[in-house]
Structures are given as C-alpha cells and as structure tokens.
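Please look over the backbone and sheet of this model. The report below takes the sheet, then some loop residues.

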Amino acid sequence: MAAHRKPRQRSAGGNTVRTAATIALAGAATATAFDGTGYAEPNLTPAQVKAKVDKLYQEAEVATDKYNGAKEKAEGAEERLRALRDAAARKADKLNSARDALGSMAAAQYRDGGLDPALQLALSDDPDRYLQGAEFVERAGTRQAASVTSVRRQLREIEQLRGAAHIELASLKSRQAELKRHKKTITGKLDAARRLLAQLPTEERTDEVQRASRSSGSGARDGLTAAGSVPAPNSRAAAAVSYASSKLGSPYVWGATGPDAFDCSGLMQAAYRSAGISLPRTTYAQIDTGRRVARSELLPGDLVFFYSAISHVGIYIGNGQMIHAPNPSAPVRVAPIDEMPFAGATRVV
C-alpha cells in the first residue's frame with residue numbers, strides 16, 4: 001500500500017517574514033543617505049527639492065574645498081620630489097667625477113708601487129665600505145685624505161636625498177588617494193542633486209534655469225552698475241572686481257580656476273592674480289589672507305565668506321552685493337551677500 005504523505009501546512013509566520021524581508025530590501029534599495037549613492041523621494045514638494053539640492057551643493061562645495069587643498073599639497077609634494085631627484089642626480093654626477101679623479105690617482109700610485117688602502121676604500125663598489133674604516137684615511141696623504149673624505153660626504157648626501165625623496169613619494173601617493181576620495185564624494189553629491197532636480201515638474205525646472213540665466217545676464221549687469229557707485233579702496237582691489245565682473249556668465253566647474261570656468265575660490269584666486277596678488281587655493285586658507293573686516297566696514301574687493309565651516313566665498317562689489325561662482329546650477333553672477341549665512345570677511349589689500 002502506497003504511503004500517504006500529510007500535506008505540508010504553510011506557515012503564516014514564514015510568509016510574514018519573507019514579505020517583511022522583501023519590503024526591507026526594497027526600502028534599502030530606494031533609501032537616501034545623501035552620499036550620492038541614489039535614492040527616490042517622489043513625494044517631495046518643489047520647495048523641498050530645492051532645499052535638498054541647495055544642501056547637496058553646499059556639501060559638495062565643502063568636499064571641493066578639501067579636494068582643492070589636497071591637490072595643492074599633492075602638487076607641492078610632486079615639485080619637492082622632482083627637486084630632490086634632480087639634486088640627487090647632480091650630486092651623483094659630481095660623485096662620479098670625484099671617483100674618476102681618485103681612479104687616476106690610484107693608477108698613478110699603482111705604477112709607483114702599490115695602491116694606498118684609502119684609495120682602495122674610496123674605489124670600492126660597496127657603499128658601506130665608504131662609510132666605514134675611517135682609520136684608513138689617516139694613513140693617506142693630505143690630498144688623498146681630503147678626496148676620500150669628500151667622496152664619503154657626497155655619498156651620505158645622496159643617501160639623505162634619496163631618503164627624503166622616498167618620504168615625499170609616500171606623501172604624494174597619500175595625497176593622490178585623498179584626491180580620489182574627495183572626487184568620489186563631490187561627484188556623488190552632484191549626481192544626487194541632478195537626480196533630485198529631475199523630479200521637479202518641467203515648468204519648475206524651466207523657472208529655475210531662467211532665474212539662473214537672469215541672475216547672470218542683464219539683471220546682474222544692473223546690480224553691478226548699482227554696486228559700482230561704491231569706490232574700491234585701491235587700484236588692486238578695483239582690478240580684482242573688474243576681472244570678476246568680466247567673468248559674469250562663466251560656468252561653475254568644481255576645481256576650476258579659469259579662465260573660462262571657475263569654482264568659488266578659484267574665481268577669487270584668478271581675480272586677485274589679475275591684480276598681481278597670489279591667493280591660497282581654498283576658502284579656509286583665503287579667509288586668513290590680509291586682515292579681517294567687519295560686515296559694516298565692507299568695501300569693494302573684500303572677500304566675503306559663508307557657512308560656519310567656511311566653504312563658500314565671493315568678492316564684495318558694494319551695496320550689499322557680491323560676485324561669486326554659486327554651484328553647477330548657476331554661472332558666475334551678482335548676488336546679495338544675504339542669500340547665504342555670512343561667516344566673515346577679509347581685506348586682501
């Protein structure tokens with residue numbers, strides 16, 4: 001007789017667990033952490049979308065400042081490494097000349113009846129032997145002793161240069177890794193902002209583009225004309241303001257310092273470079289340039305800074321207005337300094 005199997009009963013609890021797991025996975029796939037990894041928030045109002053986009057842009061600018069600082073340090077390490085390698089090469093050439101001279105001396109001595117121990121030491125291919133056996137030098141003549149001592153000194157200097165170059169190379173690699181991290185953060189924030197903006201209705205996106213366009217067009221020129229009634233304190237400040245005004249409408253590109261695109265601190269650096277003044281690359285370094293001035297004492301050419309972490313900068317042009325490179329959604333434009341949290345100002349010249 002065939003065995004009869006009892007039908008397996010489905011567990012209500014098991015279904016519940018599987019369903020909960022499915023929901024949790026779906027939720028995890030669409031959750032937002034504002035790290036640029038993707039999200040979907042279909043129920044946001046246009047105002048909420050704009051607020052979140054502004055926050056993402058500000059966070060991206062913080063990361064951009066860190067990227068700019070790391071890039072500046074990486075370039076410095078690269079330059080130092082190049083200088084150390086060049087110095088080591090020059091010293092190696094000088095060392096070879098010294099060894100050639102010792103070789104000539106050794107050949108002459110050999111012809112006269114034997115090779116001095118000090119010359120044997122100096123002509124050895126083993127660098128360790130150059131740095132040992134100082135007692136041999138005492139047995140050499142005055143000229144020979146001076147030559148051997150010089151070779152030993154040059155060897156030490158070359159080894160020191162090579163050691164310093166090794167340290168700079170490690171520093172450079174560390175900075176390059178830091179650059180990659182900051183770049184990933186920046187691109188993640190900007191991608192997240194773009195995805196959020198894509199959720200806006202077409203008319204809202206159009207309004208946003210038109211507003212940005214107006215702010216860099218005739219409206220910005222009118223604002224510049226009104227602000228221009230306030231004189232700059234000196235010719236260099238005036239030159240910096242003039243340069244910034246000539247770049248109205250230029251696109252914002254993170255990490256850019258001109259001449260056709262800028263980020264916020266890059267625009268300030270380029271403006272003052274045109275006036276013959278070198279500024280640091282980052283906002284948090286630029287605020288320590290020159291002397292601090294109160295908001296009530298602002299004059300055209302002063303640098304104005306925003307946010308508690310000092311992550312945005314513009315150049316003041318008078319009457320409460322500045323020129324700045326806002327973010328990827330808007331070009332270089334005139335704007336009131338009240339549109340962001342004011343953090344301080346500095347007078348470069």
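What follows covers a sheet, the helices on it and a few loop positions.

This is a predicted model, in which local features need pLDDT of at least 70, side-chain atom pairs count only at pLDDT 80 or more, and totals for chains, interfaces and linings use all residues. Residues are numbered from 1 along each chain as its sequence is written, and side-chain values use heavy atoms, with hydrogens and water left out.

**The sheet**

Helices (H or I, at least four residues) and strands (E, at least two) are DSSP runs, numbered from the N terminus. Two strands pair if DSSP finds at least two bridges between them. Strands of a sheet pair through backbone hydrogen bonds, either parallel or antiparallel.

Here 6 strands make an open, antiparallel sheet, ordered S1-S6-S2-S3-S4-S5. Strand S1 (291-292) and strand S5 (333-336) are at the edges. Each has a single partner strand, so one side of each lacks a neighbour in the sheet.

S3 pairs with strand S4 (residues 321-324) in the antiparallel sense, over 3 bridges. Within S4, Met322 is the bridge partner of Tyr316. H9 packs on the sheet and touches S3 and S4. Its direction makes about 110° with that of S3. H10 also packs on the sheet, touching S2, S3 and S4, and its direction makes about 50° with that of S3. Contact means heavy atoms within 4.5 Å. Axes are lines fitted to C-alpha atoms, for helices over the stretch in contact, and angles run from 0 to 180 degrees between N-to-C directions.

**Backbone exceptions**

Most residues other than glycine have a negative phi, and most peptide bonds are trans. Which peptide bond is cis, with omega near 5°? The bond from Gly258 to Pro259. Pro259 sits in the loop between helix H9 (235-246) and helix H10 (264-273).

Tyr307 and Ile310 have positive phi values. Tyr307 lies in the loop between strand S2 (303-306) and strand S3 (312-318). Ile310 is also in the loop between S2 and S3. Buried means under 20% relative accessible area, exposed over 50%, partly exposed in between (1.4 Å probe, protein chains only).

| Residue | Phi | Relative accessible area |
|---|---|---|
| Tyr307 | near 75° | 22%, partly exposed |
| Ile310 | near 50° | 14%, buried |

**Pro280**

Pro280 lies in the loop between H10 and helix H11 (283-286). Pro280 is partly exposed, at 23% relative accessible area. Leaving aside neighbours within four places in sequence, Pro280 contacts Glu72, Gln269, Ala285, Gln286 and Thr289. Pro280 and Met268 are 12 residues apart in sequence, and 9.5 Å apart in space, C-alpha to C-alpha.
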